[in-house]
Amino acid sequence: MKTWSKFYISTLRDSPADAEIASHKLLMRAGLVRKLGGGLYTYMPLGLRVMQKISKICREELEVSDAIELWMPHLHPVDNWEQGPRWAAAREIMFRADNAGANKGRSREPEFVLGPTHEEIITPLVKNEITSYRDLPKNFYQIATKFRNEIRPRFGLMRAREFVMMDAYSFDANDEGATKSYFAMKDAYKRFFKRIGVTAIAVEADTGVMGGSFSHEFMVPAEIGDDDVIYNEASGYAANREKATSALVPADLADAAPIGAIEEFATPGATTIAALEAAPYNVKGSEQFKTLVYMGDGKPFLVIIRGNDELEEAKLGSLGFTLTRAATAEEIEPVLGAKPGSLGAIKGSIKDQAALAGIFADHAIRLIGNGTTGANKDGFHVRNVNVTRDLAITKFGDFRRVRPGEPDPKNGQPLSVKRGIEVGHIFKLGTKYSEKFGAVYTDDAKQNHPMVMGCYGIGISRTLQAVIEQSHDNDGIIWPWAVAPFQIIVTLLDPSVAEPAALAKQLAEVAEKAGADVIIDDREERPGVKFKDADLIGIPLRITIGGKGLAAGIIELKWRSKKDVIKVPVAEAAEQIAAIVREMQSA
């Protein structure tokens, strides 16, 4: 067992000035971490114990799913990344390990980067190690440090430059096997989060630069979350904002017939949706076609949404472009013939339509039927624009941001929204990486096929803080039993008196033998100081032993999550404590 005087715990009375959210403040005040620089933290003894417990539970659940642990380098040759499918998109978030002497006078890329993730490392490794279908499926994982060049690190471990992550990679012979591996890992994630005592919701998510056919994020509900979860409890539907859909546009919606000839009208100075909504035009946003211009792999394309909708940029990934960004005014005018604010996609009105990579429209513009759009002439718009008759649409798709209150795609009931912290993400990658690296296997007919991959991540250090964000009060952290740095603290009120000290040691040994991690607070401090520190650190169960209590033949038990103090006769204390520990260990 540990004693406070021989262990190292350093609590703070006040929160650091740069700690913005509750969990970040408690990380620092409870002595779990100390800041080195922006996004860089030292894990102090208490914080490291929590990290180790979270990692242990993660390992146990992955091993149940037949995942195999290995360890890969943090330093990656740039050649690996250049050969892979996402170098252009990922390079800006990567730390580059330049060798100043070796590269003196050179303008080429650095030789090495620090790994933000390991798809580009594991795939060529497996290519060289596995060649036969008999060796598949395989799922390799590691729990290791990752590096990402966050422009604005914030919220402590939530968005750090250096962090600890579990990353796993599955390899299967076919799509059916890959799907099986994917859902086996999804189940492992559910067991993991349940065991560590945190509520995490699996939500449909965008695949982003990782690619692949589908993915799920695991989100911990929290007001300071960095993403919105769109959900309906009755149907079980849940998706992050970037992926969410709704039943706003009925599947059987008939296209509106034209209501008359299109009519151009002057709109001097009216270059926004709001300006057209105002007098003298009085055109509702829901009756306007908003034309947005983006660049996809260096070529412009148009996206048309309703005026009262917002574009969800992540959904542009469905168009297949590697890189997308909003076009500049200088890029727009030569193609459409007008400046932003007077743009439209009416057939025949685009100055250089051949320059466009496509014109993509959100399904919801069909709800307008006939509306108003820019004339591609500065200071002019056009009314009576019919979707099917007048707009030069290449393809319809889902590009808008879903709003709360829209109908659930599963049951039609109103959708709700809550904030969440992403703590895990799983992807069904398909053959995107195996084809790039030539990771193939030979079947029983001696034919070669690319391995079908999945990848999986859990932010171990982020999860540590997410638990705190979800489980705390005004006095400090309230650790779940499984991941608490210590599960029991024996608070000794008279440490210099032999009888209480002996009993404290005896009960600590009983608790340890039953399976608990125990620390004895043997400091020569006032009881109030000890109680406040125990609450701040968040140890689940406090056993208080003092001379006055012993004189009355009792000790006190108090759960961190409850207000009541339980008085236990000394003669029954050992048995009750052992029973409590066994119950908690088996929960």
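**Asking what the words rest on**

Trainee: Why is Ile262 called partly exposed?
Mentor: Buried means under 20% relative accessible area, exposed over 50%, and partly exposed in between (1.4 Å probe, protein chains only). Ile262 has a relative accessible area of 38%, so it is partly exposed. A word on the source: this is a predicted model, where local features need pLDDT of at least 70 and side-chain atom pairs count only at pLDDT 80 or more, while totals for chains, interfaces and linings use all residues. Residues are numbered from 1 along each chain as its sequence is written, and side-chain values use heavy atoms, with hydrogens and water left out.

Trainee: Where is Ile262 found, and which residues does Ile262 touch?
Mentor: Ile262 sits in the loop between strand 13 (237-240) and strand 14 (263-266); strands (E, at least two residues) and helices (H or I, at least four) are DSSP runs, numbered from the N terminus. Leaving aside residues up to four places away in sequence, Ile262 touches Ile346, Val382, Arg383, Asn384, Val385, Arg389 and Asp390. Contact means heavy atoms within 4.5 Å.

Trainee: Which residues of helix 12 are buried, and what puts them on the same side?
Mentor: They are Pro500, Leu503, Ala504, Leu507, Ala508 and Ala511. These residues cover an arc of only 135° around the axis, which puts them on the same side of helix 12; the arc is that of the directions from the helix axis to the C-beta atoms. Among the elements they pack against are strand 28 (488-492), helix 14 (547-551) and helix 15 (570-586).

Trainee: What does the face turned away from that buried side carry?
Mentor: Three exposed residues of helix 12 are there: Ala498, Glu499 and Lys513. Gly515 follows helix 12, with a positive phi near 120°.

Trainee: And the protein as a whole: how many helices and strands does it have, and what share of its residues is buried?
Mentor: There are 15 helices and 32 strands, and 49% of the 587 residues are buried.
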